[in-house]
Amino acid sequence: MGYVGLPLAVEFSKYFNVVGFDINIDRVSELKLGNDSTREVSADQLKNADNLELSTSLSDLLVCNVFIVTVPTPIDESKRPNLKPLLGATASVGKVLCEGDVVIYESTVYPGATEDDCVPILEDVSGLKLNKDFYVGYSPERINPGDKEHRLPSIVKVTSGSNSDAAKFVDDLYKKIITAGTFKAASIKEAEAAKVIENTQRDLNIALINELAIIFDKMGIDTEGVLKAAGTKWNFLPFKPGLVGGHCIGVDPYYLTYKAESIGYRPEIILSGRRLNDNMSSYVVNKLIKEMSKRHILVSDSKILIMGISFKENCPDIRNSKVVDIVHEFQDYGCDVSVYDPWVCSDEVKAEYGITTIDNLEDNSFDAIIIAVGHDQFKAMGIANIRKLGRENSIIFDLKYLFNNNEVDLKL
């Protein structure tokens with residue numbers, strides 16, 4: 001019942017009886033109280049979801065005949081796919097699977113994972129056989145956390161099934177809630193591949209702009225000005241340089257490269273783009289340290305404010321946030337680092353990254369200020385109020401292009 005599962009449960013409950021299952025007792029408890037900490041579903045939507053039952057008990061799933069799996073698919077420390085949540089959820093579904101049931105996966109995976117990794121577990125645990133006793137489908141999630149314009153019903157949904165009947169069933173099911181329409185892929189593997197390349201393409205486009213920003217910086221050319229000029233052509237893609245984190249763009253390419261390497265092909269472009277984007281945090285740190293040295297600010301004794309730690313603007317999601325890398329690098333230099341983010345849960349940040357966020361900002365306190373996330377609140381503060389937070393000779397590094405060049409000291 002996270003960023004993907006909860007909106008699905010609420011939408012489907014308008015037409016069907018739905019059980020929203022999660023192994024996290026605290027998560028289910030907060031939802032029962034009408035509070036969604038992801039801010040994807042409002043209290044009124046939860047209150048009006050009369051056909052939605054929230055549960056942590058597997059036995060409550062025995063009444064269901066369609067199971068939609070929306071668990072995370074992260075990577076491990078070696079940047080290899082971590083399928084433990086997916087396979088664990090699959091085993092749980094297998095325990096309650098009955099003849100005629102349909103299991104649909106929405107989690108991002110490499111092509112073949114549904115049929116090669118998940119189906120054998122379903123068959124083994126349930127004792128049933130695919131396309132004889134039960135069916136599977138794959139319909140990749142396209143939720144964009146924090147985006148209030150592109151919501152679940154208004155995003156075209158790719159669907160697929162283990163045979164033609166299953167594919168039609170899955171497609172018809174999603175048509176009930178997706179007003180933007182569906183696209184029925186020819187196979188589950190095609191649907192899996194379509195999802196994983198969506199974010200791979202974005203990752204590579206951002207990597208190109210990040211590399212251009214590095215080149216232009218060395219040449220003394222304003223990257224933002226270059227992008228504005230190039231953007232006057234109708235087919236120029238409007239990407240900007242920046243940190244690439246989150247549960248999708250910074251993760252999904254590794255699922256594709258893992259699968260490619262398992263069949264004997266070593267991807268060059270995809271991995272190169274990943275390396276460049278993963279190193280942008282270090283580039284940001286080095287760029288700021290050079291400017292601090294020019295201004296004779298002692299790095300080891302400095303106080304640094306980082307504004308924002310969620311992986312994107314106007315969103316409480318901190319998964320795979322690359323801002324964390326910036327925090328840790330400055331701490332390694334002996335800096336006193338403060339992190340301020342009005343969107344995130346402080347306890348969650350502490351538990352996940354060991355970082356304590358601050359609740360209040362004091363004027364004349366910092367030697368450097370990094371605007372790391374483009375929250376609307378930061379824009380609304382205005383550059384004058386942000387400048388007041390810094391000491392004399394302080395530096396403002398705007399990673400998100402929230403303010404004009406003449407208002408800040410550094411940009412990517």
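Modeller: A helix here is a DSSP run of H or I of at least four residues, numbered from the N terminus. The model is predicted.

Biologist: Which helix gives the most to the lining of the second largest pocket?

Modeller: That pocket holds about 1200 Å³ of space. Its lining has 38 residues, and Asn144, Arg202, Ile249, Lys312 and Glu313 are the closest to its centre. With six residues, the top contributor is helix α7 (residues 188–219).

Biologist: Is α7 roughly parallel or roughly perpendicular to α9?

Modeller: Helix α9 covers residues 252–262, and its axis lies 8 Å from that of α7. The two pack at an angle of about 115 degrees. Angles from 65 to 115 degrees count as roughly perpendicular. So α7 is, relative to α9, roughly perpendicular.

Biologist: Which residues of α9 make the contact with α7?

Modeller: The crossing is left-handed. From α7 come Lys195, Val196, Ile197, Asn199, Thr200 and Asp203. By class, the contact has five nonpolar, two polar and three charged residues. On the α9 side they are Asp252, Pro253, Tyr255 and Leu256.

Biologist: Is the crossing of α11 and α12 left-handed or right-handed?

Modeller: Helix α11 spans residues 280–294 and helix α12 residues 323–332. Their axes come within 9 Å and cross at roughly 45 degrees. That angle makes α11 oblique to α12. The crossing is right-handed.

Biologist: Which residues of α12 make that contact?

Modeller: Helix α11 brings Ser281, Ser282, Val284, Val285, Leu288 and Ile289. The contact has six nonpolar, two polar and two charged residues. From α12 come Asp325, Ile326, Glu329 and Phe330.

Methods. Residues are numbered from 1 along each chain as its sequence is written. This is a predicted model: local features need pLDDT of at least 70, side-chain atom pairs count only at pLDDT 80 or more; totals for chains, interfaces and linings use all residues. Side-chain values use heavy atoms; hydrogens and water are left out. Axes are lines fitted to C-alpha atoms, for helices over the stretch in contact, and angles run from 0 to 180 degrees between N-to-C directions. Angles under 35 degrees count as roughly parallel, over 145 as roughly antiparallel, 65 to 115 as roughly perpendicular and the rest as oblique. A crossing is left-handed if the near helix is turned anticlockwise from the far one by less than a right angle, and right-handed if clockwise. Contact means heavy atoms within 4.5 Å. Ala, Val, Leu, Ile, Met, Phe, Trp, Tyr, Cys and Pro count as nonpolar, Asp, Glu, Lys and Arg as charged, and the others, Gly among them, as polar. On a 1 Å grid over the protein atoms alone, a cavity is a set of points where a 1.4 Å probe fits but cannot get out, and a pocket is an open set with protein on both sides within 12 Å along at least five of seven lines; lining residues have an atom within 4 Å of a point. Grid points are joined across faces, edges and corners, and a volume is the space filled by probe spheres set on the points.
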